[in-house]
Amino acid sequence: MGRRIVPREEYCMGCRLCEINCIVQRAPGRDIFRAFLGRQRPSSRVKAQERGPLSFALQCRHCDDAACVTAYLSGALRKDEVSGVVTHDPERCVGCWTCILVCPFGVVMREEGGKKAVSKCDFCSHLEVPACVRGCPNEALVVVDVDG
């Protein structure tokens, strides 16, 4: 059993609050002012996509058969068997970008700021509900339990 964040595009209004909440969650002190006024703003690990009237949030799907984990030779990406969350260890990352190339959703990205590491959703493992889900005013992002 694992948990997943599922986008519901029929409720998404493209406000990008999911991105803002993700950035704030990674900012020093988790402070919105520091997040946007600081020299190095953290990158959002969720990206709002828009095309015409359709919009939805896109982030790591923590796939059951995660190609990024299989392809990553250094072992920097691992799938937690209990939670189903794919985690990243920046200390083991060698910057080969293989995980970026194999992600079928295009949601594994290069960390901004010149670091040799990737940036991907970690499901806000320190929170009961991920910041992007908690901050969505229309419930366009929901957490669901899945059998894995």
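Colleague: Which residues is S55 in contact with, leaving aside its neighbours within four places in sequence?

Modeller: This is a predicted model: local features need pLDDT of at least 70, side-chain atom pairs count only at pLDDT 80 or more, and totals for chains, interfaces and linings use all residues. Residues are numbered from 1 along each chain as its sequence is written, and side-chain values use heavy atoms, with hydrogens and water left out. Contact means heavy atoms within 4.5 Å. With the neighbours within four places set aside, S55 is in contact with E9, C12, M13, G14, Q49 and E50.

Colleague: Is S55 buried or exposed?

Modeller: S55 lies in strand β3. Strands (E, at least two residues) and helices (H or I, at least four) are DSSP runs, numbered from the N terminus. Buried means under 20% relative accessible area, exposed over 50%, and partly exposed in between, with a 1.4 Å probe and protein chains only. S55 has 5% relative accessibility, so it counts as buried.

Colleague: Which backbone nitrogen does the side chain of S55 reach?

Modeller: A polar contact is a pair of N or O atoms within 3.5 Å; within protein, one must be able to donate a hydrogen and the other to accept it, and residues adjacent in sequence count only if both atoms are side-chain atoms. The S55 side chain reaches the backbone oxygen of C12 at 3.3 Å. At 3.3 Å, the S55 side chain also reaches the backbone nitrogen of G14.

Colleague: What is the bridge partner of A48 in β3?

Modeller: Two strands pair if DSSP finds at least two bridges between them. β2 and β3 pair in the antiparallel sense over six bridges. Their hairpin has two residues between the strands, and there G52 takes a positive phi near 60°. Within this pairing, A48 is bridged to A57.

Colleague: Is Q59 buried or exposed?

Modeller: Q59 is found in strand β3, residues 54-59. Not counting residues up to four places away in sequence, Q59 touches I5, R45, V46, V107, C121, C132 and L141. Its relative accessibility is 1%, so Q59 counts as buried.

Colleague: What covers the buried residues of α1?

Modeller: The buried residues of α1 are C18, E19, C22, I23, V24 and Q25. Their cover includes α2 (32-37), β2, β3, α5 and β8 (141-146).

Colleague: How many disulfides does the count come to?

Modeller: A disulfide is a pair of cysteine sulfur atoms within 2.5 Å. For C60, the nearest cysteine sulfur is that of C68, 5.9 Å away. For C103, the nearest is also that of C68, 6.4 Å away. The count of disulfides comes to zero.
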